[in-house]
Amino acid sequence: MAANPQMYNLTTLIKRLEAATSRLEDLASIPSGAGASIAASVPASATAGSTTSFQAAAPTIVQDPPVLQDFDALISNEVKKYNELSNEIGSIVEEQSKIVERCFTEQRKFLLITTKAKKPTASSNLLLELNTGMQKEVTAVSEMRENQVKGSPYYDHLSAVSEGILALVWVGSPEPTEHVKGMLESAQYWGNRVMSEYKNKDKKHVEWIQSFFAILKSLQAYVKKHHPHGVTWNEKDGVDAKDALASLPAAPAAGAAAGAAAPPPPPPPPPPTTTPPTRAPTTTRRWQYYPCSSVTSRLKKVDKSQMTHKNPELRASSLVPDKVAVRGKSPAPPPVRKPAHMKTKKPPKMELDGNKWLVENYENDHNIIIPDVEIHHSIFIYHCKNVVIQVKGKCNAITISECAKTSLVAESLVSSIDVIKSTGFAVQVIHKIPTILVDGCDGGVAYISNESFDVEIFTTKTTGLNVFVAEAGEEGDYAERSVPEQLKHTIKNGQLVSEIVEHAG
């Protein structure tokens, strides 16, 4: 009977150890945030006995890296405020805001993968697979604008958001900060229209569009801080991107609270997860983010009889039957001109095409003669530099375009001489010239003979133009007269009066 108390104590100790072990197993299979409360609920008596001591090590709480904490702060602050204001406006604006929130959730999944994984190879199909979620949500945002008729009450609202949401495509841009800035400017084009319409009607709409601008500005600051040259992957000790994708839990941690701890991967195989987005590996795949398929799916397919390149007669009319209304593209940046030393030099050419003489691409030639012109001929001089051109005979009109240091001597004209976007030019008509037009030029000389004192000279955006008038100087020489460049504008009796500014001395 003396052994019975010892047997009872041993049995009690085994039961306590089993209870503690069960609680620790439950703790390992749930998120770390909840694990702390469960660990606190384990009684101290269950972890120690009279003959054996047992102590459970508390799980280490892993904090999210700063790149995720800052993104969570953006979602919980700017995105949350935008959603609240969208809910107050309601209607289709509220519906679109919910999709915008999902867009940021999808990007948060992608950023979580980049903190755990190495960058996949450019040829890997995994990158396209990871892009599916992002592409789907961005397309949904744009489709809401596409499905609205231009002029509907919230068309400008939807347009501003559909343009601005493309800022999330910064993950596929070699210059992500500039990309976000560009999308912000596109959104401001439509957003300014919203503010202009509602500033005196409903301040709530003004506050709403400003909250969306705040999202893009915060995103730009975030990208500039953490990803100035593109998305940063965990190249040091990261795992394969496919393994990182498989470790994501079924319920996305979309930043419900900024700085929330990420759950550790559970020991058992994870349940199937939805495909999160990632960025395209190169700029050639950026199109994956844009809703191209949704736009082209509604375009009308025409037969060969409606194709203008196969039917030249259709070009004579500006009206195209059964025209389908398609939204205009965002304004493209102006093309960048190549430096002069990189341009391909074209061979010089002089030919008569019908009634028009073409003189092009001559350089450093002071003896160019256009012979035997007729009264119905016109002459077009283009892209010549440091040349002298003589015209033999009377012609209808002459045009000088984009030339430098080009001199022209003509006998007589029926109509006019046009000088366009040229520098350092000189024109002289020996006999009659009715009109001279100068547009966008810098530095030029026009010689007027005594037969052309009734000439009319028109100038537009031109500087440094001098006119030499025959027989107006001493001893019957040419006299130089400068074309005014500075004008004074005043208002008299409700009318705008312009006067030439004269400088004395």
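This is a dialogue on how to read a predicted model of one protein chain.

Reader: What is pLDDT, and what is its mean for the chain?

Author: pLDDT is the predictor's confidence in each residue, from 0 to 100. The mean over this chain is 78, and 72% of the residues reach 70 or more. Where pLDDT is low, the predicted coordinates should not be read in detail. Residues 251–261 stay under 50, and the model has 21 contacts for them beyond four places in sequence (contact means heavy atoms within 4.5 Å). Residues 276–294 also stay under 50, with 66 contacts beyond four places in sequence.

Reader: How many helices and strands are in the chain?

Author: Helices (H or I, at least four residues) and strands (E, at least two) are DSSP runs, numbered from the N terminus. This chain has 11 helices and 16 strands. Of its contacts with a separation of 6 or more, 43% are between residues 24 or more positions apart.

Reader: What does buried mean, and what share of the residues count as buried?

Author: Buried means under 20% relative accessible area, exposed over 50%, and partly exposed in between (1.4 Å probe, protein chains only). Of the 505 residues here, 35% count as buried.

Reader: What is a nonpolar core, and which residues of the largest one touch the most other members?

Author: A nonpolar core is a set of buried Ala, Val, Leu, Ile, Met, Phe, Trp, Tyr and Cys residues joined through side-chain atoms within 4.5 Å. The largest one has 54 residues, and Phe104, Ile165, Trp170, Trp208, Leu219 and Tyr222 touch the most other members. At least two residues of this core come from each of helix H3, helix H4 (91–116), helix H6 (132–146), helix H7 (155–164), helix H8 (176–198), helix H9 (203–226) and helix H10 (241–246). H4 gives the largest share, 10 residues. Another core lies apart from this one; it has 33 residues, among them Tyr362, Ile389, Leu413 and Val455.

Reader: What does Phe104 touch?

Author: Leaving out residues up to four places away in sequence, Phe104 touches Phe71, Leu74, Ile75, Val79, Ile165, Leu168 and Ile215.

Reader: How do the axes of H7 and H9 cross?

Author: Axes are lines fitted to C-alpha atoms, for helices over the stretch in contact, and angles run from 0 to 180 degrees between N-to-C directions. The axes of H7 and H9 come within 11 Å and cross at roughly 5°. That makes H7 roughly parallel to H9, because angles under 35 degrees count as roughly parallel, over 145 as roughly antiparallel, 65 to 115 as roughly perpendicular and the rest as oblique. His157, Ala160, Val161 and Gly164 in H7 meet His205, Trp208, Ile209, Phe212 and Leu216 in H9.

Reader: How many residues of H7 are buried?

Author: 10 of the 10 residues of H7 are buried, so H7 is largely enclosed by the rest of the structure. These buried residues pack against H3, H4, H6, H8 and H9.

Reader: Where does Asp64 lie, and is Asp64 buried or exposed?

Author: Asp64 lies in the loop between helix H2 (32–41) and helix H3 (66–89). Asp64 is buried, with a relative accessible area of 5%. A polar contact is a pair of N or O atoms within 3.5 Å; within protein, one must be able to donate a hydrogen and the other to accept it, and residues adjacent in sequence count only if both atoms are side-chain atoms. One of 3.2 Å joins the side chains of Asp64 and Arg108.

Reader: Which residues does Ala446 touch?

Author: Ala446 is in strand S11 (residues 442–448) and is buried, with a relative accessible area of 4%. Not counting residues up to four places away in sequence, Ala446 touches Val427, Ile436, Asn466, Val467 and Phe468.

Reader: What is phi near in Lys421 and in Asn493?

Author: Most residues other than glycine have a negative phi. Lys421 has a positive phi, near 50°, in the loop between strand S8 (416–420) and strand S9 (423–429). Asn493 has a positive phi near 55°, and lies in the loop between strand S15 (487–492) and strand S16 (495–500). Lys421 is exposed at 55% relative accessible area, and Asn493 is exposed at 80%.

Definitions and conventions
Residues are numbered from 1 along each chain as its sequence is written. Side-chain values use heavy atoms; hydrogens and water are left out.
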